[in-house]
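Good morning, colleagues. Please turn to the sequence and the structure on the screen.

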Amino acid sequence: MSHRLDNPSESLSRATQALRNSSLRQDALDRAEDAILAHVPVRSKTPSRLLLWAAGFGAAALAAAFVLMPAQTSAAEMMRIAAKGDIGLRHMRTFRVEPNGKLLLTSESFTDGAQTRMIDAYGNQYAYGKGRIEILHAEGGVTVERQPRKPEMMNAPSATELLKINFGQHPKISLEKDVLWEGRNVDRHTIDTDNVDGRGKTLRLHLTMVSDPESDRPLEMRAKMEGFQASVTRWDYPASNPGLLKLPIPKGTPVFDLNEQRAEILEAVASKGRRATVGGQSVELLQLWADATGRATAIARADYAYPYDHGLEIEGMKLATEPKSEPFSGRYAIVKPHLAKGRPIQLFTVYRTGNHQGVKFADSVTVRLPVFRGEKLLGYARFKDVPVHRAWSVPFLLEPMNQPFWLPNNGGNEGQETVAAEES
Amino acid sequence: MSEANLVERVRGGDREASREFVRRYYPSVLRFLTTLCPNPSDAEELTQEAFIKALRGLRKFRGDSGLRTWLHRIAFHEYTHRRRAERSTLPIPESTTTPIFEANSLLALDLERALRCVPEELRAAFVLCDLQELSMQEAATVLSVPVGTVKSRLHTARKRLSDLLEPEPEVQIHVSQTR
């Protein structure tokens, strides 16, 4: 559709048409597809861990320095491990294979027994074992929570176990003995199979793993699934070093205990709050949570829905980044209440987009909550002197899987079987 | 596949639909950011970030504006946010890297060069309306300015680009013959 307000010159018209016809290079589009889709959650019938390890992680640059141990694996060390039945410290690195053949490090971990420390592609560091997960976030701040009991993924100590846990459903894993690899004799396990994703599309997988024949420890795995970039995972076995398993938390870093905070929220949900009535419709404010990126959520007892752009307001602070439209015009999603302890609970949120840091909330603020009956905005309920509870990340605390944490299978460990500290 | 159907399937976690989503809209959004960013790799990076955000936040898309408009808006927001953070005041250099769009005519190359000579706000209005063929209302939504502002900027952009693209007038030399 052209806009002929005036008469653009003929040269401009022809040049515009020519530029419109220029096409994006195919390799640039392919590169973009892989980079984008590596960050996007999709449903699949195959275990998600399989896709995760076949695809590697995303394209973001590493935000923190990695502590890279020199590879000190030796045949003698491997024999010691095998002889003593000792698992020992293992060092695992995962790379994504770039189109030019180079390897891009995307994650690294150290594991000794049940304890692991891991660094992801964004610079976030994780430590788990001893019944809890600690995350040192790249932006600063530490969150801790109980460790859920989940099946072992790619961190088993033996190649046979790894293959069985992650690929055991495949009918054939072929094994070749005495294969020469980097100057030593190894076992090589190969899987060539088809996987069917959540939409019924068949994706071909080719995977090889080489392992030490004496100790059965994995050394390298290469995986390529159709439609994904290839990945390479390497293991080595340095001397034991407990210091490597601790997170390097700088002094003064705030620590947020997610289980404690969620328990506080559940207690508030079961208690009485501050009630207001607007136009005959009531809303009962229970708690207000906020974080340093300016995200804030008021937890309230309310049985009505609201559109995203008509959420929480805090007097004296301009937090919303998107312009408002007519309520329920269809431009923004509708937020519905959920049941908690048998009562309708609504999360009134500020709608913000983009990355922000350094937003300061006072210890107590005046809150305005929208009150709706059906699609009609009746007005705002105003609450003065509301204490601000501080989270590292309000959505991560309240809705780790995009739904309130108290709902089943929604990312918060409340109600899930967890690892007891003494077990690890 | 219609836009509504595509959105539903992407929301449902369909990988192939997500791939189609990227294939269908990425080139257009990338072209927009390529005309704004100093170099193509910045444009690629920002476009990819915009798409990741869009795919993750697709449940918030209600169809009030078209998907293209919505995506351009997210991309423009990424660009302005990055620009504010970096506060670059350098003029746009000639690109020395391999172009990511394959221009098939010299006219297209001439227009690319001419675009670099006009201010960013005029460039954005022209690219959105004349290259990307968004309506003025849609362009106003992307840029978060009134429709009248888009109209004015588009008019000025076309005038300047036309002047830059017009060939130099031929100089007639009369040679009188001596007798």
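This is a predicted model: local features need pLDDT of at least 70, side-chain atom pairs count only at pLDDT 80 or more; totals for chains, interfaces and linings use all residues.

Chain A holds an open sheet of twelve strands with mixed pairing, in the order 8-9-10-11-12-2-3-4-5-6-7-13. In general, the strands of a sheet pair through backbone hydrogen bonds, either parallel or antiparallel. Which strands stand at the edges here? They are strand 8 (174-181) and strand 13 (255-257) of chain A; each has a single partner strand, so one side of each is left without a neighbour in the sheet. From one strand to the next, the twist averages 20 degrees.

Strand 13 of chain A pairs with strand 7 (residues 142-146) of chain A in the parallel sense, over three bridges. Val142(A) has Val255(A), in strand 13 of chain A, as its bridge partner. Helix 6 (residues 258-269) of chain A packs on the sheet and touches both strand 7 and strand 13 of chain A. The direction of helix 6 makes about 75 degrees with that of strand 7 of chain A.

I turn now to the cores. How many residues has the largest nonpolar core? It has 67, and those with the most contacts inside it are Phe21(B) and Phe126(B). Helix 2 (residues 15-36) of chain B contributes the largest share of this core, ten residues. Beyond its neighbours within four places in sequence, Phe21(B) is in contact with several residues, including Leu6(B), Val10(B), Phe51(B) and Leu71(B). Apart from this core lies another, of 33 residues, among them Ala276(A), Tyr304(A), Tyr308(A) and Val367(A).

Conventions. Residues are numbered from 1 along each chain as its sequence is written. Chains are lettered from A and ligands numbered from 1 in the order in which they are written. Side-chain values use heavy atoms; hydrogens and water are left out. A nonpolar core is a set of buried Ala, Val, Leu, Ile, Met, Phe, Trp, Tyr and Cys residues joined through side-chain atoms within 4.5 Å. Buried means under 20% relative accessible area, exposed over 50%, partly exposed in between (1.4 Å probe, protein chains only). Helices (H or I, at least four residues) and strands (E, at least two) are DSSP runs, numbered from the N terminus. Contact means heavy atoms within 4.5 Å. Two strands pair if DSSP finds at least two bridges between them. Axes are lines fitted to C-alpha atoms, for helices over the stretch in contact, and angles run from 0 to 180 degrees between N-to-C directions.
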